[in-house]
Amino acid sequence: MRWALWICGTSTQSARPGVSPWQKRPVAALPALALDDPAAAPLTQSLAIIEYLEETHPEPPLLPKDAAGRARVRAIALDIACEIHPLDNLRVLRYLQGELKVADDDKNRWYRHWVETGLDVVERQLAGHAATGRFCHGDTPGLADCVLVPQIFNARRMDCRLDHVPTVMRIFEACMAEPAFASTQPSACPDAT
Ligand SMILES: N[C@@H](CCC(=O)N[C@@H](CS)C(=O)NCC(=O)O)C(=O)O
């Protein structure tokens, strides 16, 4: 999300015309994006926010020009945002531990299982596909890369196995070599939560 804001010319620290920095919404989950119109409700759901940024700040594009390419990029992003992320979310892990009394080791096994198998699906989407380039789709970073990078940070934080997803990791490293990603990674953002 921070990277998408950066790439569309909007710092997370200081607002530029059209889009204000992201903020917590008055519910449990992040992110939410406050619009300049104070009467407007903040935008929620990361993919909806990124598509909003794409529509309002089309250069550089985060989605390919062709419909099939856009469907592919959205599918990769959804493989992460809808298939992996909901299962490793903090509130899910808290419920496992707090309500179901799952032991710490078992909770970590749950986490690693869903991240590792989920990333395997992403690897199979990417490896050997003609449209995969330096990044998930072609040679410029886009929406799918934007969703992939934070998931790898999460995976590393929880010591997930990553040697079975070499294409995913090659693309992650390519992203981290980009100033946009490097300057928006959690350790570079003092307000990161
Ligand atoms: N599908 C939502 C997920 C939002 C979400 O769950 N965000 C996480 C942070 S990445 C969160 O706020 N977790 C806090 C919690 O689970 O309590 C999106 O993509 O925006």
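Which residues does Leu148 touch, not counting residues up to four places away in sequence? In this predicted model, local features need pLDDT of at least 70 and side-chain atom pairs count only at pLDDT 80 or more, whereas totals for chains, interfaces and linings use all residues. Residues are numbered from 1 along each chain as its sequence is written.

Leu148 touches Ile80, Cys136, Val168, Ile171 and Phe172, where contact requires C-beta atoms, placed from the backbone, to lie within 7 Å. Leu148 and Leu143 have the most contacts inside the largest nonpolar core, which has 38 residues. Such a core is a set of buried Ala, Val, Leu, Ile, Met, Phe, Trp, Tyr and Cys residues joined through C-beta atoms within 7 Å. A residue is buried if 20 or more other C-beta atoms lie within 10 Å of its own, exposed if 12 or fewer, and partly exposed in between. Two or more residues are given to this core by each of α1 (2-7), α2 (46-56), α3 (67-81), α5 (104-126), α6 (143-157) and α7 (166-176). The largest share, 8 residues, comes from α6. At least three core residues are drawn from each of domain 1 (2-61) and domain 2 (67-181), with bounds that come from an automatic or database domain assignment.

The protein chain contains 8 helices and 3 strands, following the pattern α-β-β-β-α-α-α-α-α-α-α along the sequence. Helices (H or I, at least four residues) and strands (E, at least two) are DSSP runs numbered from the N terminus. Of the 193 residues in the chain, 30% are buried. Among contacts with a separation of 6 or more, 59% join residues 24 or more positions apart.

Helix α5 has 23 residues and reaches 33 Å from its first C-alpha to its last, close to the 33 Å expected at 1.5 Å a residue; the expected span is 1.5 Å times one less than the number of residues. Tyr111, Val115, Gly118, Leu119, Val122 and Leu126 are buried in α5. An α-helix has 3.6 residues a turn, so residues three or four places apart point the same way. The buried residues of α5 pack against α3, α4 (90-98), α6 and α7. Just after α5, Gly128 takes a positive phi of about 75°.

The ligand is surrounded by 10 residues, the closest being Ala29, Leu30, Ser46, Leu90 and Arg91; a residue is counted if its C-beta atom, placed from the backbone, lies within 6 Å. This shell draws at least three residues from each of domain 1 and domain 2.

Technical notes:
Two residues are in contact if their C-beta atoms, placed from the backbone, lie within 7 Å.
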